[in-house]
Amino acid sequence: MTHDVVVVGAGPAGLAFAAALAGTDLRVAVVERQPVEALARPLPDGREIALTQRSVRELRELGAWHRIDAQGIAPLREARVLNGKSAFALSFGAGHAERLGHLVSNHLIRQALFEVVDGLAGVDILGGRAVHSIERGPHRVVVRLDDGEALQARLVVGADSRFSFVRQQLGIGAEVNRLGRAMLVCRVVHDRDHDGIATEWFDHGQTIAMLPLNGRQSSAVLTLSLAGIDRLTALDQEALGAELTRRYQGRLGRMNVIGQPHVYPLATTYARHFAASRAALIGDAAVGMHPVTAHGFNLGLTSACTLAGLIREAAARGQDIGASSLLRRYEAAHRLAGRPIYTATNAIVGLYTAEHPAARVARHAALRTASLPFIAKSVSRLLMQP
Ligand SMILES: Cc1cc2nc3c(=O)[nH]c(=O)nc-3n(C[C@H](O)[C@H](O)[C@H](O)COP(=O)(O)OP(=O)(O)OC[C@H]3O[C@@H](n4cnc5c(N)ncnc54)[C@H](O)[C@@H]3O)c2cc1C
């Protein structure tokens with residue numbers, strides 16, 4: 001064996017998983033397509049991640065949270081959902097707590113996790129390399145890299161995103177929904193204060209989320225058809241700012257774009273299994289969520305911590321860390337954590353993006369029903385779960 005575990009993908013899920021194995025004697029290889037320099041200093045990718053209280057606790061335990069500059073952490077005090085022209089807003093507040101969650105740029109999370117993993121004994125980060133093939137036997141797995149090197153381990157973990165090559169190599173199918181829409185995300189400065197309130201506005205033909213950042217800045221997230229997004233990407237910064245101001249109906253005053261816009265075509269994925277003989281899937285490779293409910297990374301972090309927790313227990317007892325009983329326990333736990341939020345998110349997407357008149361009525365009714373204090377409180381509790 002060259003290693004105990006080979007992790008494919010040094011995104012936030014793969015890095016969090018490697019970090020969660022700190023303090024064990026396990027030898028871990030993290031294989032990543034991007035060069036190590038890009039992992040050490042990741043560039044902004046437009047994603048502002050709404051972290052639940054639980055994720056913050058997990059990042060703290062992994063030693064990553066304190067590495068994120070306080071200037072890069074924005075408080076999320078309230079979330080509001082608006083429907084079309086209706087003046088009614090469904091609101092999720094923090095109750096007695098100071099904040100509902102935190103917003104942190106994805107590249108800052110990646111950088112903090114990389115710093116943790118880079119300093120760990122027993123971890124090899126193999127940047128600028130991709131996986132060529134995976135062969136599994138009863139006692140070991142051989143991961144061949146594109147430069148011909150072969151890694152041998154007791155377990156391979158796929159953390160290589162929603163169209164996972166590892167998942168394909170393992171012969172695990174997935175539910176894949178390509179939604180024919182894309183998200184344009186960019187940072188804007190605006191005239192009015194956002195008061196720490198995130199807004200998700202489901203309008204006809206478009207969805208706009210405004211996520212509050214520090215100062216009078218927000219992350220604008222606009223979802224349109226692929227053709228509509230193509231038209232916007234052809235605009236210069238000034239024209240894009242004017243277009244976003246118009247589409248958001250001036251709620252935050254005039255908006256100016258700062259930095260580079262980024263585009264993400266929308267597709268959701270759900271792997272048929274999260275584990276196979278000597279292999280497991282975590283992060284988006286297991287469940288690729290629609291970003292609308294802001295749960296992809298939160299769920300991915302849970303998957304990384306759950307699997308690493310089981311492995312730590314087995315390693316401490318001198319047991320096989322790639323045993324099928326352990327992998328079955330991981331799969332069951334993550335299915336329980338992931339399926340309800342994945343299904344609920346897809347239902348919300350379906351309800352809020354359907355354009356026919358019946359859907360509009362249903363939308364309106366759903367918003368009002370969900371405003372029952374009981375439901376609003378449970379959603380806030382989920383976000384604020386310690
Ligand atoms: C616009 C937007 C907003 C979002 N907002 C939120 C939010 O508010 N809250 C939230 O929780 N989530 C959010 N998400 C989701 C979150 O960004 C993802 O869930 C998270 O990044 C997934 O992490 P990952 O490590 O599984 O995958 P990725 O971040 O995709 O990383 C995968 C890594 O694997 C590498 N890789 C891929 N294939 C190979 C290969 N064959 N060999 C080697 N390396 C490989 C890639 O280079 C990459 O570094 C958002 C997503 C988007 C698009």
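The model is a predicted one, where local features need pLDDT of at least 70 and side-chain atom pairs count only at pLDDT 80 or more, while totals for chains, interfaces and linings use all residues. Residues are numbered from 1 along each chain as its sequence is written, and side-chain values use heavy atoms, with hydrogens and water left out.

Let us start with a sheet. Strands of a sheet pair through backbone hydrogen bonds, either parallel or antiparallel. Here three strands make an open sheet, ordered β3-β7-β4, and their pairing is antiparallel. Helices (H or I, at least four residues) and strands (E, at least two) are DSSP runs, numbered from the N terminus, and two strands count as paired if DSSP finds at least two bridges between them. At the edges you will find β3 (48-51) and β4 (73-76), each of which pairs on one side only. On average, neighbouring strands of this sheet are turned by 30° against each other, direction ignored; axes are lines fitted to C-alpha atoms, for helices over the stretch in contact, and angles run from 0 to 180 degrees between N-to-C directions.

Look next at β3 and strand β7 (residues 101-105), which run antiparallel and are joined by four bridges. In this pair, Glu48 stands opposite Ser105 in β7. Helix α3 (residues 53-61) packs on the sheet and touches β3 and β7, its direction making about 100° with that of β3; contact here means heavy atoms within 4.5 Å. Helix α4 (residues 106-118) also packs on the sheet, touching β3 and β7, and its direction makes about 85° with that of β7.

Now to the ligand. It is surrounded by 31 residues, the closest being Glu32, Arg47, Ser161, Asp284 and Phe297; a residue is near if one of its heavy atoms lies within 4 Å. The shell divides into 15 nonpolar, eight polar and eight charged residues. A backbone N or O atom of Phe297 lies 2.8 Å from an oxygen atom of the ligand. A polar backbone atom of Asn298 is 2.9 Å from a ligand oxygen. The elements giving two or more residues to the shell are α1 (12-20), β3 and α8 (296-316).

A further open sheet has three strands in the order β9-β10-β11, again with antiparallel pairing. Because β9 (131-136) and β11 (150-153) stand at the edges with a single partner strand each, one side of each is left without a neighbour in the sheet. Its neighbouring strands are turned by 20° against each other on average, direction ignored. Strand β10 (residues 141-145) pairs with β11 over four bridges in the antiparallel sense, and Arg144 stands opposite Ala150 in β11.

Notes: A polar contact is a pair of N or O atoms within 3.5 Å; within protein, one must be able to donate a hydrogen and the other to accept it, and residues adjacent in sequence count only if both atoms are side-chain atoms. Ala, Val, Leu, Ile, Met, Phe, Trp, Tyr, Cys and Pro count as nonpolar, Asp, Glu, Lys and Arg as charged, and the others, Gly among them, as polar.
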